[in-house]
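Colleague: Could you take me through one part of this model in detail? I'd like its surroundings as well as its place in the chain.

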Amino acid sequence: PYPAREITVTATEVADGERRTIRDQILGEEQAEPERSYLLDITLWHGEEEIEPTGSVTVTFSGIDTEGLYPKVYHIDTNAQTATDMEAKAGENGDVTVDTNHFSYYEVQLLSLQGLSGYVGDKFINGGEFQLTGDAWTADGANSPILSITKNTTIDLNGHTLTISKNSQYFDVHNGAKLTIVDSQAPQETVTTGGDKLYGNTASLSEDNSTLTYYITESTPTGTGTQETLEQHTVTLTGAGKILCGEASEQAILVKGALELQSGVLQNTGGNHIVLVDRGTLDINGGYIVGGGRDGTPGGGIYVDNGTVNIQGGVIAANRGSSGGGIFFQNGTLNISGGAVTGNWLNDGHDNGGGIFVQNGTLNLSDGYVTNNYKKCCDDCKNDVNNTHGGGGIALANSSAMNMTGGYVTGNYSGLA
């Protein structure tokens, strides 16, 4: 309610003895000891009056050397004796950011990453923060790994590949736990503009999986019409961090708790899905979900049955299936505010939603792209007058709702159009 020029922010570091007492009482003495930590009392002022934000604000912690370390930020409520993980994000410049709607005590921690390579075994059993120091895999003769995630776990792929070796194996994120995937060696992307075909350009992986090519059709208003331009995006996956199904699997990751993809590549090899959400939450802020699905099975990239998916960035491309080549979603809410669902496809003309299929759910599109997804035609579909076979980009069924306040649905192709 006040002009920004009238508001000041103070951040006072709490003395070490008091800090440790608060940390041990609320966060717990058994928590991993950070390399460095700071307990800050952050206060928002209007004159001499202490106030709180009226909505969500972004707080940036600058000047922190995070190289080789993983940042965590907790909101400490000394009255309720609780600590809330604020899901901090580290920028390339080392800045650490969180979104909050309340100011008080914040514990900023820098944790050592546990190095990991070779056979993973039971390394994830107690959660923690991991960084691949070489390629890793989930099979070692007759030994069986433990891929159940029952405690919060972060994996920095660090430019290496973690191979899910057997088709019966997958990460199982339990209710109450969160798996975060990042890649500190994110791949390079090049963009070229031009091309005569402005729609229906499916994405592709090179035969050796070293390159992803996908397309975005930009649309610019021109008076009473629009001007379309095709962008070709080429992503060099060699040297990128990847979780790869070595054999065709039901899915790479089953989410009953929470999964956050910040960066990195998730790829199945002819399996049903890449991510399956079962009453869980999926947040995509970056990275690539590619190469999943098979004909006759819905949701090649992402399959959701009762859950919430928030897409703020990243690319879901080169997936296929029956209904929902890129995303099959039923019973829940799909929020898209960034990123791209592009170049996914359906090979059976009787199926719906080359990019996204929503059934008994809600799709909220406020930004981002649903573009260049593809649905072929079928011999008897041309006589369809009730739109039961359609949706090159998006298809909705069974009382689903779509709210579009922004974003782009461009360049999609349906054989019925």
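Where does Ser263 lie?

Modeller: Happy to! This is a predicted model, in which local features need pLDDT of at least 70, side-chain atom pairs count only at pLDDT 80 or more, and totals for chains, interfaces and linings use all residues. Residues are numbered from 1 along each chain as its sequence is written, and side-chain values use heavy atoms, leaving out hydrogens and water.

Ser263 sits in the loop that joins β23 (258-261) to β24; strands here are DSSP runs of E, at least two residues long, numbered from the N terminus. Ser263 counts as buried because its relative accessibility is 16% (buried is under 20% relative accessible area, with a 1.4 Å probe and protein chains only). Beyond residues up to four places away in sequence, Ser263 touches Ile181, Val182, Asp183, Gly286 and Gly287 (heavy atoms within 4.5 Å). Ala401, by comparison, is 138 residues from Ser263 in sequence and 30 Å from it in space, C-alpha to C-alpha.

Leaving aside neighbours within four places in sequence, the contacts of His273 include Ser249, Glu250, Asn268, Pro298, Gly299 and Tyr303.

Note on methods:
Helix = DSSP H or I, 4+ residues; strand = E, 2+ residues; numbered from the N terminus. Buried < 20%, exposed > 50% of the residue type's maximum accessible area, 1.4 Å probe, protein only.
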